[in-house]
Amino acid sequence: MKEFFLVAAREIKVRGRTKSFVISLVASALLVAALAFLPSFFDDGDSSFTVGVVGQELAAGPDVTYKKFDTSAAAEEALRAGEVDAMLLDGQTLVGDGSVDTDLEYLMRQAYQQAQLTSAGVTLDPLNVSTIAGKEAPDGARVALANLLVILLFMLIMFTAMYVAIGIVEEKSSRIVEILLASVKPWQLLGGKIVGLVVLGFVNLLVIAAAGLGASAAAGEIGSLPSGIGGIVANTFLWFLLGSAFFAALAAAFGSLVSRQEDLNGVLSPMTMTLIITYLLSFFVATKPESTVAQVFSMLPPFSAMAMPVRFAATDVPLWQILVSIVVMVVATIGVMMLGARIYQRAVLRTGARLKLAQLFK
Amino acid sequence: MLEAKDLHKAFGEKVALSGVSLKVAPGEIMGFVGANGAGKTTTMRIIMGLLTPDLGTSSWNGAPLNLQQRRRLGYMPEERGLYPKMKVAEQITYFARLRGLSASDAAAAVSRLVGQLSLEGKENTAVEALSLGNQQRVQLAVALVADPVALVLDEPFSGLDPIAVDSLVEVLQARAAEGVAVLFSSHQLELVERICDSVSIISAGQMVTSGPVTQLRAQAERKLKVVVRGAENGWAQGFDGDFTTDADVQTLITVTADDQAVLRSALQAGRVEQFGWLQPSLAEIFREVVA
């Protein structure tokens, strides 16, 4: 077991020091932090309007303040100067500078129609709105968060798997693996490498989560984060571990078939294709988290690796589905790990041309 | 005593080894020679536990080698490599720890080897930034770091300049003097002849001959060389062998049991300038047994 940890520690130390890792860590943290600031950046926080009025006013509610002008020319001047957001002429015509803010237009239209109804002697009873227990409409903030998770999980799982494959080919092509395997067992080498790199990915995810939540707090937006954000974050960490372990084991198995970095992309394509399909499916899940497709794929490995955390972020998932999904994915990950270790063990000392899986098991 | 006994190994249809045995005693340097594809690397990989033989065993002092004991063997694979981006001291430390040394023992071993192999000042340099000669030293340090009882080196001299060869020879001889068993493969037969106590020759997966260099020489076919000046052509017609003439100097190299008969004929024919048995070189022995 000691050797296993030595291998993992080396991966963390060496890979964690590389420029590419540090850059991706900092860049992803900055990006997520920037996203957290985004809402407050676009939202000017001011939903009240000042309207220059000539003649009659309309009862448009508390958000609209009127400023009286004697002539429309004076009002127009004020509009051009930006002192008012729009001007209202005789309670009938709304004029904006270039355009009229849609919220303001909505308020004024309502007020205008109400005024006409009142003058016609019509009174309207308000529509009663209530709900029974049932499906809620997807929460916009949660769907946005789910979309962000799709991208983050995809990137981090892809990086982790690629680093595993690159590391294996590096050791294979330079024959270091022969020296290593004279001292450690193949599973210790493979397992240590995967664990080390998954830990690095996990650290990256931690930094991103800290940056995102920290920036939200700093921007005063923490209240607008979906309720249950803690559960969403924890669930994401769990699924990152499962997903990256699964795909890293696949990458290891395929990666051990080649001896040169140039051959890596070709041999990894089944793994990358699976991951990309998972990625695209997860976007669909983020938008339609309640659909049958989303329900099925969030329980079917390896798609569940991303589909489940994304669906969990987008909507409330029944507990039994979460549990089924976790159990099935854990079993699948263990299976892929065992198969990957066998392929790796048979392939890693055979340098030269790309190996075929059939060659290894005859 | 490092010992491989009756190793058999086939890769699919292709038989790589059929009954290879060898023994290297503590303090002995054994050269392992054979043509490309003869089975040297396969034999060494089996000894190092990288391949499982179909049949046969490898052992140290009579006990079959397991992973724990193999950590006391120093190994250099044929195409050598290290982690290019890892620093020298860090790299040697890593392999020391993998062989079971504690952190403090590993640090002590690293500083000792850095001194022995003249790598001072390079401890914090990435391996890829070193010259090839220095990379080779780091490779050797990795093989030596756990105080091995035996060294298994696959083509350790290939690609080295004469000075690097000499310094590697020095290190191997020093280790052997301390009682380490050294087994190395090489195509440089003159070198093997110069530094090895014994030689094993492998051909097509079978051990052709194995033993001390002097013993192999004694077993080999001996050739007699006679140089005669001013003799008439044809004096040597009665003997089989290579006969060459250069101006009035004639040279006969022959395999014969009756050296005295050759001498008598030569004396009658002209002035004998040279007469003696040739020492067969290892290269000649190799060609003879492999042919």
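**A loop residue and its surroundings**

Mentor: B:Asp147 counts as partly exposed, because it has 16 C-beta neighbours inside 10 Å. By this scale a residue is buried if 20 or more other C-beta atoms lie within 10 Å of its own, exposed if 12 or fewer, and partly exposed in between, with C-beta atoms placed from the backbone. The model is predicted, so local features need pLDDT of at least 70 and side-chain atom pairs count only at pLDDT 80 or more, while totals for chains, interfaces and linings use all residues. Residues are numbered from 1 along each chain as its sequence is written, and chains are lettered from A and ligands numbered from 1 in the order in which they are written.

The backbone is what marks this residue: B:Asp147 is not a glycine, yet its phi is positive, at about 50°. Most residues other than glycine have a negative phi, and most peptide bonds are trans. B:Asp147 sits in the loop between helix H5 (132-144) and strand E7 of chain B; helices (H or I, at least four residues) and strands (E, at least two) are DSSP runs, numbered from the N terminus.

A second case occurs in the loop between E7 and H6 of chain B, where B:Glu155 is located. B:Glu155 has a positive phi near 50° and is likewise a residue other than glycine. With 20 C-beta neighbours inside 10 Å, however, B:Glu155 counts as buried.

Now the strand itself. E7 (residues 150-153) of chain B pairs with strand E8 (residues 181-185) of chain B in the parallel sense, over four bridges; two strands pair if DSSP finds at least two bridges between them. Within this pair, B:Val152 stands opposite B:Leu183.

Both strands belong to an open, mixed sheet of six strands in chain B, in the order E6-E7-E8-E3-E9-E10. Strands E6 (73-76) and E10 (206-212) of chain B are at the edges with a single partner strand each, so one side of each has no neighbour in the sheet. On average, neighbouring strands of this sheet are turned by 15° against each other, direction ignored. Axes here are lines fitted to C-alpha atoms, for helices over the stretch in contact, and angles run from 0 to 180 degrees between N-to-C directions.

Helix H6 (residues 162-177) of chain B packs on the sheet and touches E3 (29-34), E7 and E8 of chain B. The direction of H6 makes about 145° with that of E8(B).

B:Trp60 is placed in strand E4 (residues 55-60) of chain B, and it is partly exposed, with 19 other C-beta atoms within 10 Å. Leaving aside neighbours within four places in sequence, B:Trp60 is in contact with B:Leu2, B:Leu65, B:Gln69, B:Val149 and B:Ala150; contact means that the C-beta atoms, placed from the backbone, lie within 7 Å. B:Trp60 and B:Val149 are 89 residues apart along the chain, and their C-alpha atoms are separated by 9.2 Å.

At the level of domains, chain B is assigned domain 1 (2-218) and domain 2 (220-290); such bounds come from an automatic or database domain assignment. The C-alpha centres of these two domains of chain B lie 41 Å apart. In the contact between them, domain 1 of chain B supplies 13 residues and domain 2 of chain B ten. On the side of domain 1 of chain B, helix H7 (189-195), strand E9 (198-203), E10 and helix H8 (213-219) each supply at least two residues. That side has nine nonpolar, two polar and two charged residues, where Ala, Val, Leu, Ile, Met, Phe, Trp, Tyr, Cys and Pro count as nonpolar, Asp, Glu, Lys and Arg as charged, and the others, Gly among them, as polar.

Chain B also meets chain A, in a contact that takes 21 residues from chain B and 16 residues from chain A. Two elements of chain B give two or more residues to its side, helix H2 (67-70) and helix H3 (88-98). H3(B) gives the most, with four residues. The chain B side divides into twelve nonpolar, two polar and seven charged residues.

Notes
Contact = placed C-beta atoms within 7 Å.
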